[in-house]
Amino acid sequence: MSWLPRKKIVVPVDFSGESVHAISVAIEMAGQPADVQLVHVLFPLDAVSPGVVWGEVTDEKREAAVREEFDKLIATNGLEGVTVEVRFGNPGLEVAEAAEDSGAELIVVPSHGYHGVKRFVLGSVAERIIRHAACSVLVLRRSDAE
Amino acid sequence: MPHRRIAALLVLSCMLGTFAPQTVAAQEGEAKQAAAGDSPSAMRRIEKQVDDAFEKVNEKLGSVMFYPIPVAPGQTVPAAVLWLVFGAVFFTVRMGFINIRGFKHAILVTAGKFDNPGGHDEGEVTHFQALTAALSATVGLGNIAGVAIAVSTGGPGATFWMIVAGMLGMSAKFVECTLGQKYREVRPDGRVMGGAMYYLSKGLGEMGAGKLGSVLAVFFAVLCIGGSFAGGNAFQVNQSLNAIQETIPFLADNGWVYGLVMTVMVGVVIIGGIRRIAAIAEKVVPAMCGVYVLAAIVILVMNFSEIPNAFAAIINGAFNPNAIKGGVLGVLIIGFQRAAFSNEAGVGSAAIAHSAAKTDYPVREGMVALLGPFIDTIVICTMTALVIVITGAYDNPEYASLVKFKQGAALTSRAMDSQLNGFKYVLALAVFLFAYSTMISWSYYGERCWAYLFGDRASMSYRIIFLVFVFLGSIVSATKVLDFGDLMILGMAFPNILGVLLLSGKVKRDLDEYWAKLKNGEIKRTK
């Protein structure tokens, strides 16, 4: 039985183990993979790295590479049915916006679970999502959190 | 991971902290001066304040990095230079003179003769593109201005030691860039992140020295950021201004105008994101190198009869310099220092660019990288040195003040213009482009280190500080900028060479394996 009756859930994914855990939690809550949308946010390209200067790295190629990673992630973890999206910009803001655009009811954030200075330095994506999201946000606690 | 950010914040704040009290003190001094009725223009006051602040930092850092190490009775070598010489000699011997035996293979690889026909190797750019990117960072005012200063202060003999440093530097570059490839990270979007900070932390981590690796990586990243503000930025603005004011005298008293123009031009690329300008600048650099080398060759041909004397002066100066130049050791120090500043071998910076190349064999990119010091130092720097020697510009009393104030680019400009009338205009353009492309490339190095310490999100703050230093370069005196640049860039060699020494066994194993495959035909030419 699903925790949310037929409601969409957005999961920001950075392809870490924590992301996979968050996706499983989201599928369990939604009841079916089709109601779970995975989002990966890419920082805008700089103008000075060799790949960009020589035109070898483009946003199209980056998006294609990420979609390929999504395919692998889905295949290896049996997540068939979830939808995926690649966005460009500030991760916190973009995830909140992705949820709003898809009318999601909930965002499940895989957290690093750090405290003190570590939290100050690393935790701000989750915090930004919380600040900007129009829906509820569930921040998971990492099993090995300090 | 976050420890490196905290450590970096501490080190950076200490560095900035050394500026602050001095600026206040300078302001007080200026206030008194203004009250006494002796009021220089506002811009001059700011120039002096910034200059004084640089001096303070240079003194503090210089006392550590250039600590005189006794090597013979009554003779000392600055710690940073001794470290570079030791590293370069060690890597050359340890890798079995890869700088010589790998040279031909390096050219073939760069020409794409060993490229994977499918083109599916991981990475962003071709070998040639990676080499061009690394060269655009190294071929800069160090080749034109730095060399002129070296020959003027160390005599013609400095040329010899610069070439030796270039040859040994090829091996150092090979090892560090192989490691850059070996320990790079490929992100989900296919982007590659690599460089000394990655091989120091991951490589030493693999050897069970993770803590040391992390400390060295942070130390390296902080100095690289400093280097990107100084040698890769302010020094370029400062010295290109020198050469350009030879053709636009207005700028001699209004350097800040040039600083402003450069700030805007760099700003539209690094903040405005206009990639096309960076792309053009980077692609024009090889052509400008060609023009520069060609002009130098023309000057040498015009003075054909002087060439034997020049070579005699170089060899004689290298082994029997007069006492004023500081003896053999003094000349050797100058030669090595300027060569390292120009080709960055042992410094670790180029590994950032070379790690982006597409290849399945880290050693292969290391080979490509060893062409860097060859082109930068053995070809381009030598050309500058020969022109300065052959024209006698280095001991011409007319240019004594340029030497004294380390205005090397102006010296090269006058020396070349005296032979090829009007060449100063071509040189001004070349110098501008070299400076510009070097700054763009170094902003990439600095930004990668900044992102390593503070995360990708912090990039904008780095870019803003970078632009501040572009402007500062136009108002600080050449001596202070050169010294500060030396400290940062040569300083990077401390953590880098230490880590690379510890990791050199891995490179040696990879090299032996690759070389064996190459010799037994397992690795073949594809074109």
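I call a residue buried if 20 or more other C-beta atoms lie within 10 Å of its own, exposed if 12 or fewer and partly exposed in between, with C-beta atoms placed from the backbone.

**Ground rules.** This is a predicted model, where local features need pLDDT of at least 70, side-chain atom pairs count only at pLDDT 80 or more, and totals for chains, interfaces and linings use all residues. Residues are numbered from 1 along each chain as its sequence is written, while chains are lettered from A and ligands numbered from 1 in the order in which they are written.

**Chain A, overview.** I looked up the elements first; helices (H or I, at least four residues) and strands (E, at least two) are DSSP runs, numbered from the N terminus. Chain A has six helices and five strands. Starting at the N terminus, I read them off as β-α-β-α-α-β-α-β-α-α-β. Of its 146 residues, 35% count as buried.

**The sheet.** I then checked which strands pair, meaning that DSSP finds at least two bridges between them. Chain A has an open sheet of five strands in the order E3-E2-E1-E4-E5, with parallel pairing. Strand E3 (83-88) and strand E5 (136-139) of chain A are at the edges with a single partner strand each, so one side of each has no neighbour in the sheet. From one strand to the next, the twist averages 25°; axes here are lines fitted to C-alpha atoms, for helices over the stretch in contact, and angles run from 0 to 180 degrees between N-to-C directions.

**Strand E1.** I went through the partners of E1 (residues 9-12) of chain A. With E2(A), E1(A) pairs in the parallel sense over four bridges, and Val10(A) stands opposite Gln37(A) there. With strand E4 (residues 106-109) of chain A, the parallel pairing has two bridges, and Ile9(A) has Leu106(A) as its bridge partner. Are the residues on the two faces of E1(A) buried or exposed? I found Ile9(A) and Val11(A) on one side, Val10(A) and Pro12(A) on the other, and all of them are buried.

**Helices over the sheet.** For contacts, I count two residues whose C-beta atoms, placed from the backbone, lie within 7 Å. Helix H1 (residues 17-30) of chain A lies across E1, strand E2 (36-42) and E4 of chain A, at about 180° to E1(A). Helix H3 (residues 59-77) of chain A lies across E2 and E3 of chain A, at about 150° to E3(A).

**Glu85(A).** This residue is in strand E3 of chain A. I have Glu85(A) down as partly exposed, with 19 other C-beta atoms within 10 Å. Leaving out neighbours within four places in sequence, Glu85(A) is in contact with Gln37(A), Val39(A) and Ala98(A). His40(A) is 45 residues from Glu85(A) in sequence, but 6.5 Å away C-alpha to C-alpha.

**Where A meets B.** The contact takes 24 residues from chain A and 27 residues from chain B. On the chain A side, E2, helix H2 (50-53), H3 and helix H5 (116-122) each give two or more residues. H3(A) gives the most, with five residues.

**Helix H18 of chain B.** Last, I followed H18 (residues 371-390) of chain B, which has 20 residues and reaches 27 Å from its first C-alpha to its last, close to the 28 Å expected at 1.5 Å a residue; the expected span is 1.5 Å times one less than the number of residues. H18(B) is largely enclosed by the rest of the structure, because 19 of its 20 residues are buried. Just after H18(B), I noted that Gly392(B) takes a positive phi of about 70°.
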